[in-house]
Amino acid sequence: MRVTFTVNGREESAEDVWEGESLLYVLRERLGLPGSKNACEQGECGSCTIYLDGVPVCACLVAAGQAEGRRVRTVEGLADGGRLDPVQEAFVECGAVQCGFCTPGLLVQAHDLLERVPRPSDGEIREALAGNLCRCTGYEKILDAVRLAAARKAGAE
């Protein structure tokens, strides 16, 4: 089957998609968007988190056909041209990126949190990121990055 949807503001199509193919596979292997990571394939780790019609979802759990006619935004789509999103900048500055495998999902979840809650508490940050597993950082630098991004976004308002 052919699947056509909007990815990061551009209409894209994938040909010969089989019934069980995940949206994650289509994004990575067919459309050349490797940002979202393929880790658990069970929606447990959060590494493949993307926006589907503005809602964060695990792309490994979405059948590619379900994206037909919908809007997808990946971690690559958070940046505005060559300018990183404040969340992406904060992750780099705070050293919240180590091996990088969990980073795309954490970035999407942190971005979503700050869109909904501009000045989140530590508890709100922890809750928002609870579905994203990281084996390297111990989470403290990730929390620092979200706090920094929130402070910068609040200062820009």
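Tutor: A residue is buried when its relative accessible area is under 20%, exposed when it is over 50%, and partly exposed in between (1.4 Å probe, protein chains only). This is a predicted model, in which local features need pLDDT of at least 70 and side-chain atom pairs count only at pLDDT 80 or more, while totals for chains, interfaces and linings use all residues. Residues are numbered from 1 along each chain as its sequence is written, and side-chain values use heavy atoms, with hydrogens and water left out.

Student: What makes helix 3 largely enclosed by the rest of the structure?

Tutor: Of its 14 residues, 12 are buried, so helix 3 is largely enclosed. Among them are Thr103, Leu107, His111 and Leu114. Helices (H or I, at least four residues) and strands (E, at least two) are DSSP runs, numbered from the N terminus.

Student: How does the reach of helix 3 from its first C-alpha to its last stand against what is expected?

Tutor: The expected span is 1.5 Å times one less than the number of residues. Helix 3 reaches 20 Å, close to the 20 Å expected for its 14 residues.

Student: Why is Asn8 called partly exposed?

Tutor: The relative accessibility of Asn8 is 27%, and therefore Asn8 counts as partly exposed. Asn8 lies in the loop between strand 1 and strand 2. Its phi is near 50°, a positive value in a residue other than glycine.

Student: Why does Tyr139 count as partly exposed?

Tutor: Its relative accessibility is 30%, which puts Tyr139 in the partly exposed class. Tyr139 sits in the loop between helix 4 (122-129) and helix 5 (140-156). Tyr139 is not a glycine, yet its phi is positive, about 75°.

Student: What makes Ser47 buried?

Tutor: Its relative accessible area is 3%, so Ser47 is buried. Ser47 is in the loop between helix 1 and strand 3. Contact means heavy atoms within 4.5 Å. Leaving out residues up to four places away in sequence, Ser47 touches residues including Ser36, Phe101 and Pro104.

Student: Which backbone oxygen does the side chain of Ser47 reach?

Tutor: It is that of Phe101, at 3.4 Å. A polar contact is a pair of N or O atoms within 3.5 Å; within protein, one must be able to donate a hydrogen and the other to accept it, and residues adjacent in sequence count only if both atoms are side-chain atoms. At the start of helix 2, a side-chain oxygen of Asp85 comes to within 2.9 Å of the backbone nitrogen of Val87.

Student: How do you know that the buried residues of helix 2 line one face?

Tutor: In helix 2 (residues 86-94), the buried residues are Val87, Gln88, Ala90 and Phe91. Down the helix axis they fall within an arc of 165°, so they line one face. The arc is that of the directions from the helix axis to the C-beta atoms. Val92 and Glu93, on the other side of helix 2, are exposed.

Student: Why do strand 2 and strand 4 stand at the edges?

Tutor: Two strands pair if DSSP finds at least two bridges between them. The open sheet has 5 strands in the order 2-1-5-3-4, with mixed pairing. Strand 2 (10-14) and strand 4 (55-58) each have a single partner strand, so one side of each is left without a neighbour in the sheet.

Student: How many bridges join strand 1 to strand 5?

Tutor: Strand 1 (residues 3-7) and strand 5 (residues 71-73) are joined by 2 bridges and run parallel. Thr6 is opposite Arg71 of strand 5.
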